[in-house]
Amino acid sequence: MAKLYFNYSSMNAGKSTVLLQASYNYVERGMNTLLLIAAIDDRAGRGRIASRIGLSAEADIFTDATDLHSHVAHAMQRAPVHAVFVDEAQFLTENQVWQLAKVADDFGIPVMCFGLRTDFQGKLFPGSAALLALADALKEIKTICWCGRKATMVARLDLNGQIVEEGEQVVIGGEETYVSLCRRHWTRRQLATSSGAQAHRSEPGPAV
Ligand SMILES: [Zn+2]
């Protein structure tokens, strides 16, 4: 039975790297994968899943309006699809998560979703909430806080490196950066040790 998977993490845990490696494992065996990535604006057409260590692959872009069940069905008319991979899955709508569940159930195709669990205020993204509710299998991709503990939270930083408390869940085209912290240091708003060691700073992120 094909399953719907949700691989979740905080920022900079290497989600896209894991996704691309898993897709490659299929391709290496002569199978076809369908890669999808959420649009962070109104772009349409082809997108790209890129990892911080340099791997990348072309992907189809989806918006809130994309019917993902139909999208996969159309792709299957062109060529067999052996697995579906979704990056930035936190931006799925609840309906789209149901559509992906139907892809697994109706077509027998495993669907692997990768995304952030929570936003910079510690709240679930809509896509993540639906995936946590509906996925057959949940897996955490782990990364660490500057202190060495597992980082489960994401903080948004402004241009001055200060933690932002308020704002939209998704910022498009902003200058924010993001850093992953353990819950203790996220709660204390502590980005580094008191001795002055700097926290690892992330690249500018599209949206958290
Ligand atoms: Zn910490």
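User: Why is V170 called partly exposed?

Analyst: V170 has 15 C-beta neighbours inside 10 Å. A residue is buried if 20 or more other C-beta atoms lie within 10 Å of its own, exposed if 12 or fewer, and partly exposed in between, with C-beta atoms placed from the backbone. The value of 15 falls in between, so V170 counts as partly exposed. The model is predicted: local features need pLDDT of at least 70, side-chain atom pairs count only at pLDDT 80 or more, and totals for chains, interfaces and linings use all residues. Residues are numbered from 1 along each chain as its sequence is written.

User: Where is V170, and what makes V171 partly exposed?

Analyst: V170 is in the loop between β8 (153–157) and β9 (177–181), and V171 lies in the loop between β8 and β9. Helices (H or I, at least four residues) and strands (E, at least two) are DSSP runs, numbered from the N terminus. V171 has 17 C-beta neighbours inside 10 Å, and therefore counts as partly exposed. In an unreviewed UniProt entry, the annotation "binding site" covers V170, V171, I172, G173 and Y178. UniProt positions are given in the numbering used here, feature names are shortened, and annotations may be inferred rather than shown by experiment.

User: Which other residues does UniProt place under "binding site", and how do you know that they gather at one spot?

Analyst: The unreviewed UniProt entry also places a "binding site" feature at C145, C147, C182 and H185. These residues span 41 residues in sequence, yet no two of their C-alpha atoms are more than 8.6 Å apart, so they gather at one spot.

User: Are C145 and C182 buried or exposed?

Analyst: C145 is buried, with 23 other C-beta atoms within 10 Å. C182 has 20 C-beta neighbours inside 10 Å, and the cut-off for buried is 20 or more, so C182 counts as buried. C145 is in the loop between β7 (137–140) and β8, while C182 is found in the loop between β9 and α5 (183–187).

User: What do C145 and C182 touch?

Analyst: Two residues are in contact if their C-beta atoms, placed from the backbone, lie within 7 Å. Not counting residues up to four places away in sequence, C145 touches A151, S180, L181, C182 and H185. With such neighbours left aside, C182 is in contact with C145, C147, R149, K150, A151 and T152. From the segment after α5, A192 has its C-alpha atom separated by 7.9 Å from that of C147, 45 residues apart along the chain.

User: What makes E88 buried, and where does it lie?

Analyst: E88 has 26 C-beta neighbours inside 10 Å and therefore counts as buried. The place of E88 is in the loop between β5 (83–87) and α3. Leaving aside neighbours within four places in sequence, E88 is in contact with I37, A38 and G115. The unreviewed UniProt entry lists E88 for "active site".

User: Why are α3 and α4 called oblique to each other?

Analyst: Helix α3 (residues 94–107) and helix α4 (residues 126–134) pack at an angle of about 40 degrees, with their axes 8 Å apart. Axes are lines fitted to C-alpha atoms, for helices over the stretch in contact, and angles run from 0 to 180 degrees between N-to-C directions. Angles under 35 degrees count as roughly parallel, over 145 as roughly antiparallel, 65 to 115 as roughly perpendicular and the rest as oblique. The angle of about 40 degrees is among the rest, so α3 and α4 are oblique.

User: Which residues meet where α3 packs on α4, and how many are nonpolar?

Analyst: From α3, E94, V97 and A101 meet P126, G127, A130, L131 and L134 of α4. By class, this contact has six nonpolar, one polar and one charged residues. Ala, Val, Leu, Ile, Met, Phe, Trp, Tyr, Cys and Pro count as nonpolar, Asp, Glu, Lys and Arg as charged, and the others, Gly among them, as polar.

User: What makes A135 buried?

Analyst: A135 has 23 C-beta neighbours inside 10 Å, and so counts as buried. A135 lies in the loop between α4 and β7, and touches L4, Y5 and F6, not counting residues up to four places away in sequence.

User: How many residues of the whole chain count as buried?

Analyst: Of the 208 residues of the chain, 38% count as buried. The chain has five helices and nine strands.
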